[in-house]
Amino acid sequence: MNFIKYISISIVSLFSFTSLFAQKQVAFVQNEKEQKIDVMIDGKFFTAYLYGNKIDKPVLFPLVTASGITVTRGFPLATRANERTDHPHHIGMWFNYGDVNGLDFWNNSDAIKAEDKPKYGSIRHQKIVAVKPGQHNGELEVSSNWVDINGKILIKETTILLFSGDANSRTIDRTTTLTAQEGKVSFKDNKEGVLGIRVTRELEMPSQKAETFTDAQGLTTKVAVLNNEGVTGNFLSSEGITGNEVWGTRGTWCMMYGKKNGEAIAISIIDHPKNPGYPTYWHARGYGLFAANTLGQEVLSGGKEKLNFSLDAGKSVTFKYRVIVTDGSTPSKETLNKAAESFAKK
């Protein structure tokens with residue numbers, strides 16, 4: 001009798017353990033009035049796809065862990081106390097580039113003066129192609145146009161966002177296909193790209209001095225020194241490089257990690273072997289910018305390499321990235337290596 005009871009308890013325990021790490025149901029809540037789609041995992045808010053014209057590209061904002069901790073900066077959409085207010089174009093998670101036929105899509109925002117706007121491009125949401133909730137993952141497919149100030153279409157974009165999660169993680173697989181329109185589209189090597197995330201203050205690296213950064217149009221932004229209390233962030237790349245030294249290095253993955261509200265959290269970006277310029281360079285800054293840039297080789301390599309990627313009219317290119325948001329513990333290098341191996345097969 002005791003043996004049967006033991007077996008029963010063991011089966012229940014095994015079931016509970018398996019359930020803990022099982023993939024959770026993904027649902028979507030569409031709000032056309034606010035021009036957003038909320039992504040819900042196991043009934044909890046994860047992120048929202050924002051596609052209104054008040055911002056110059058669609059974004060995922062904010063990103064929230066399975067335990068409910070926000071890992072992205074609030075400014076400029078939902079400013080929080082004691083966070084930085086530099087680079088207003090850094091919103092949540094986004095995809096764009098700093099030099100497309102001479103237009104800067106990366107740095108565009110409502111902070112740009114009207115007389116300078118012709119130098120910048122915008123990504124305008126066109127259509128929600130498909131919304132597919134699911135028991136283990138959910139898929140959102142959208143289309144957008146990359147346009148100049150006059151609305152001329154340089155690129156048509158189709159993006160599939162695949163969301164999944166378990167008890168301690170949230171994952172986004174982003175597949176973006178860009179198709180050149182009327183003429184050749186050039187992506188001149190530029191440090192501003194391609195997949196970017198701006199993290200919460202707690203995940204920044206402690207700063208000891210003010211810094212000034214210059215964008216593709218020569219405009220400067222000063223990043224000030226703030227109180228470092230509670231600021232715990234760091235970088236780790238697949239090559240074992242840490243901290244600010246990650247900037248301008250290649251790697252199949254990179255992680256930005258630290259603590260918020262006393263809990264270990266991490267954001268990991270994984271590159272895909274089929275992306276142009278693989279493995280990516282990391283445009284990673286201690287003040288909270290975390291970006292994978294496969295196209296900016298000349299700048300990021302210090303002139304040792306050059307790509308200057310381009311598309312002829314009608315031709316397409318596809319980019320794939322996996323982003324994993326983890327809470328409760330920091331993923332090991334071995335864990336991320338396995339995740340990269342798995343993603344490479346997708």
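The legends below describe close-up views of a predicted model. Residue numbers start from 1 along each chain as its sequence is written, and side-chain values rest on heavy atoms, with hydrogens and water left out. Local features require pLDDT of at least 70 and side-chain atom pairs pLDDT 80 or more, whereas totals for chains, interfaces and linings use all residues.

**View 1. The largest nonpolar core comprises 56 residues.** A nonpolar core is a set of buried Ala, Val, Leu, Ile, Met, Phe, Trp, Tyr and Cys residues joined through side-chain atoms within 4.5 Å. Buried denotes under 20% relative accessible area, exposed over 50%, and partly exposed the range in between (1.4 Å probe, protein chains only). Val100, Phe163, Ile172, Phe187 and Ile269 touch the most other members of this core. Its largest share, 5 residues, comes from strand β20 (residues 316–327); strands (E, at least two residues) and helices (H or I, at least four) are DSSP runs numbered from the N terminus. Another core, of 12 residues, lies apart from it and includes Ile91, Trp106, Leu289 and Ala291. In soluble globular proteins, nonpolar side chains tend to be buried together.

View 2. Contact means heavy atoms within 4.5 Å. Not counting residues up to four places away in sequence, Phe163 touches Val26, Phe28, Val39, Phe46, Thr47, Leu60, Asn137, Gly138, Leu140, Thr171 and Ile172. Both Phe28 and Phe163 are buried. The structure holds 11 aromatic pairs, where rings of Phe, Tyr and Trp (its six-membered ring) pair if their centres lie within 6.5 Å, and planes under 30 degrees apart count as stacked, over 60 as edge-to-face and the rest as tilted.

**View 3. An open sheet of 8 strands has the order β6-β7-β8-β9-β20-β16-β15-β14, with antiparallel pairing.** Two strands pair if DSSP finds at least two bridges between them. At the edges, β6 (122–132) and β14 (234–237) each pair on one side only. Neighbouring strands are turned by 20 degrees against each other on average, direction ignored. Strand β16 (residues 263–271) runs antiparallel to β20 and is joined to it by 7 bridges; Ile270 stands opposite Arg322 in β20. Helix α3 (residues 333–344) packs on the sheet, touching β9 (169–180), β15 (253–260), β16 and β20, and its direction makes about 150 degrees with that of β20. Axes are lines fitted to C-alpha atoms, for helices over the stretch in contact, and angles run from 0 to 180 degrees between N-to-C directions.

**View 4. Strands β5 and β11 run antiparallel and are joined by 5 bridges.** Strand β5 is largely enclosed by the rest of the structure, because 5 of its 5 residues are buried. Met93, Phe95 and Tyr97 point one way from β5, and Trp94 and Asn96 the other way. Met93 has Ile197 of β11 as its bridge partner, while Tyr97 stands opposite Gly193 in β11. Strand β11 (residues 193–198) is mostly covered, with 6 of its 6 residues buried. β11 also pairs with strand β18 (residues 289–293) in the antiparallel sense over 4 bridges, and Leu289 in β18 is the bridge partner of Arg198.

**View 5. Ring pairs link Phe95, Phe105, Trp146 and Phe319 into a cluster.** Lys152, in the loop between β7 (138–147) and β8, touches Trp146, Val147 and Glu182, not counting residues up to four places away in sequence. Lys152 counts as partly exposed, at 45% relative accessibility.

**View 6. The backbone contains cis peptide bonds, including that from Phe61 to Pro62.** Most residues other than glycine have a negative phi, and most peptide bonds are trans. For the bond from Phe61 to Pro62, omega is near -15 degrees; Pro62 is found in the loop between β4 (59–60) and β5. Another cis bond joins Gly193 and Val194, with omega about -20 degrees. Asp42, in the loop between β2 (36–41) and β3 (44–50), has a positive phi of about 55 degrees although it is not a glycine. Asn101 lies in the loop between β5 and β6 and has a positive phi of about 50 degrees.
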